Amino acid sequence: MLPRHQDPIVAIATAPGRGAVGIVRVSGRGLDGLVQALCGKPLRPREAHYLPFRDGDGSPIDHGLALHFPAPHSYTGEDVLELQAHGGPVVLQLLLARCLAAAAESEPTTGRPRLAGLRLAQPGEFTERAFLNDKIDLAQAEAIADLIDASTEAAARSASRSLSGDFSREIGALREALVHLRMLVEATLDFPEEEIDFLQKADAQGQLTRLQAQLNTVLQKTRQGALLREGIKVVIAGQPNAGKSSLLNALAGAELAIVTPIAGTTRDVVQQTIQIEGVPLHVIDTAGLREGEGIDAVERIGIERAWDQIQGADAVLFLHDLTRTDAPGYRQADADIAALLARRLPDRVTVIDVWNKADAAEGTGVPARDHAARPADGHPHEHLRLSAKTGDGLDALRQRLLQLAGWQSGAEGLYIARERHVQALHRVRDHLEGADAHLAARAQSLDLLAEELRLAQNALNDITGAFSADDLLGVIFSSFCIGK
């Protein structure tokens, strides 16, 4: 632990603003003196006591509930005091200031401060201490933040499963199987003179194959869990007045963007997060893409911002207007945008050609793809026909977006996960593939086999924090709110 982890800490543990209840939380070692100063008496462990919270002159700051959780039976694994008061910002700041002042005051009997070194907690420091004191592992700690930040019901339920340890148990099972296999390999290295082939007798190849299959199952569930947390970024692009804002409003089910027949109405980026089967989709409406005269400075800035969003998208909805397919210059302008998409987009991004205003173009089919106007750009293009006005075709678009995200409908028992978990499991997979190759070479590569298995275990340990660098912990816990 770092020296700061020894300091007692205090913070307001509820969200800023007014509320019915607000909580001030203290964590450290030896809080009895502070409890006496604030509450006027000792508190029975883990029982709620209704009493006045005392100021320095003995007058009450507020009346509320006080709870004392002696170590190790607390959230942080240290002694914890929680003061539940009325949720006014001023009241909570007074309680916070009183905690700091009372901690610095001298004990009447010893002359020493009641709680030397008490300071304001940093973001996530209470949960960080829970991790450092083995109350939770790193994946569970991250699940706490994910539960707080969950944007859909499915994400919240999955985060709760991770917090309860479902994800950690899957990683633990992988680690246990991996450790057993490592033990067999190390035994073969330590006793090469033995006639018994430890690896063949113990079916090392079969164990490795089963381990790889188990890993693939966990990796698939982890990808789904990461999708529940992260979602995908979908950008709507196209010429002015193709119906981009109308499509955003239709997908969101609300009038978020202004819709007029005037070209260039949308001058800036408009974003809304929607959910489809619990998966967050960050849908972004952008300014109409066009070149030439008649574009003022404000619209030009909007177009530049549109391209910034397009280049960072997971999928692009290239919107076309079915009512203007025969208009002079319209198809050429679409072809120009397609050429720009081909040059600017990463290969991983899928472009969906969405033909809008089907309600006003009855009998008009989706134009065939024009290979002259649409260069082969390496991006998979698909065609969908819909009406943002009537809603026809929206369900097909929603389902296609889920498919692009890699979502598997009906998946059960998912746990929340992060992109770093997915990357760690990819490293495990790569090391196991290397181990498989070395195992096939038998004795000539046993040292390399042992090293690949060790690296695979290290990658698993990164997920739960069995061995984690301090800088990684700093990044993770700094994203938490203060008081948690």
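**Cores, helices and strands in a predicted model**

Leu-340 is found in helix α11, which spans residues 330-344; helices here are DSSP runs of H or I with at least four residues, strands are runs of E with at least two, and both are numbered from the N terminus. The structure is a predicted model, in which local features need pLDDT of at least 70 and side-chain atom pairs count only at pLDDT 80 or more, while totals for chains, interfaces and linings use all residues. Residues are numbered from 1 along each chain as its sequence is written, and side-chain values use heavy atoms, with hydrogens and water left out.

With a relative accessible area of 18%, Leu-340 is buried; the term means under 20% relative accessible area, with exposed meaning over 50% and partly exposed in between (1.4 Å probe, protein chains only). Trp-307 is 33 residues away from Leu-340 along the chain, and the C-alpha atoms of the two are separated by 9.7 Å.

In soluble globular proteins, nonpolar side chains tend to be buried together. A nonpolar core is taken here as a set of buried Ala, Val, Leu, Ile, Met, Phe, Trp, Tyr and Cys residues joined through side-chain atoms within 4.5 Å. The largest such core has 33 residues, among which Leu-247, Leu-281, Leu-317 and Leu-397 touch the most other members. Helix α12 (residues 394-405) supplies the largest share of this core, 5 residues. Neighbours within four places in sequence aside, Leu-317 is in contact (heavy atoms within 4.5 Å) with Val-234, Val-235, Ile-236, Ala-237, Leu-247, Ile-352, Val-354, Leu-397 and Leu-401. There is also a second, separate core of 32 residues, including Ile-171, Ala-226, Leu-439 and Leu-453.

Helix α5 (residues 153-163) shows how burial is laid out around a helix axis. An α-helix has 3.6 residues a turn, so residues three or four places apart point the same way. In α5, Ala-155, Ser-158, Ala-159 and Ser-162 are buried. These residues are on the same side of α5 because they cover an arc of only 105° around the axis, the arc being that of the directions from the helix axis to the C-beta atoms. The face of α5 turned away from the buried side carries the exposed residues Glu-153 and Arg-157. The cover over the buried residues of α5 includes α4 (138-149), α6 (166-190) and α8 (204-230). Following α5 comes Gly-165, with a positive phi near 105°.

Helix α6 also takes part in the 1 aromatic pair that a search of the whole structure finds. Rings of Phe, Tyr and Trp (its six-membered ring) pair if their centres lie within 6.5 Å; planes under 30 degrees apart count as stacked, over 60 as edge-to-face and the rest as tilted. Phe-167 and Tyr-415 are stacked, at 4.7 Å centre to centre and 25° between the planes. Phe-167 lies in α6 and Tyr-415 in the loop between α12 and α13 (419-440), so the pair ties together parts that are 248 residues apart in sequence. Both Phe-167 and Tyr-415 are buried.

Turning to the strands, an open sheet of 6 strands has the order β3-β4-β5-β2-β1-β6, with mixed pairing; two strands pair if DSSP finds at least two bridges between them. Its edge strands, β3 and β6, each pair on one side only. Strands β3 (residues 49-54) and β4 (residues 60-69) run antiparallel and are joined by 6 bridges, while 5 bridges join β4 to β5, again antiparallel. Ala-66 of β4 is the bridge partner of His-49 and stands opposite Leu-83 in β5. The hairpin of β3 and β4 has 5 residues between the strands, and Gly-58 in this hairpin takes a positive phi near 90°.

Some backbone geometry deserves a separate mention. Most residues other than glycine have a negative phi, and most peptide bonds are trans. Ala-71 and Pro-72 are joined by a cis peptide bond, with omega about 0°, and Pro-72 lies in the loop between β4 and β5 (79-87). Asn-241 has a positive phi near 65° and lies in the loop between β7 (232-238) and α9 (244-252). Glu-277 has a positive phi near 55° and is found in the loop between β8 (270-276) and β9 (279-285). Asn-241 counts as partly exposed at 27% relative accessibility, and Glu-277 counts as partly exposed at 39%.
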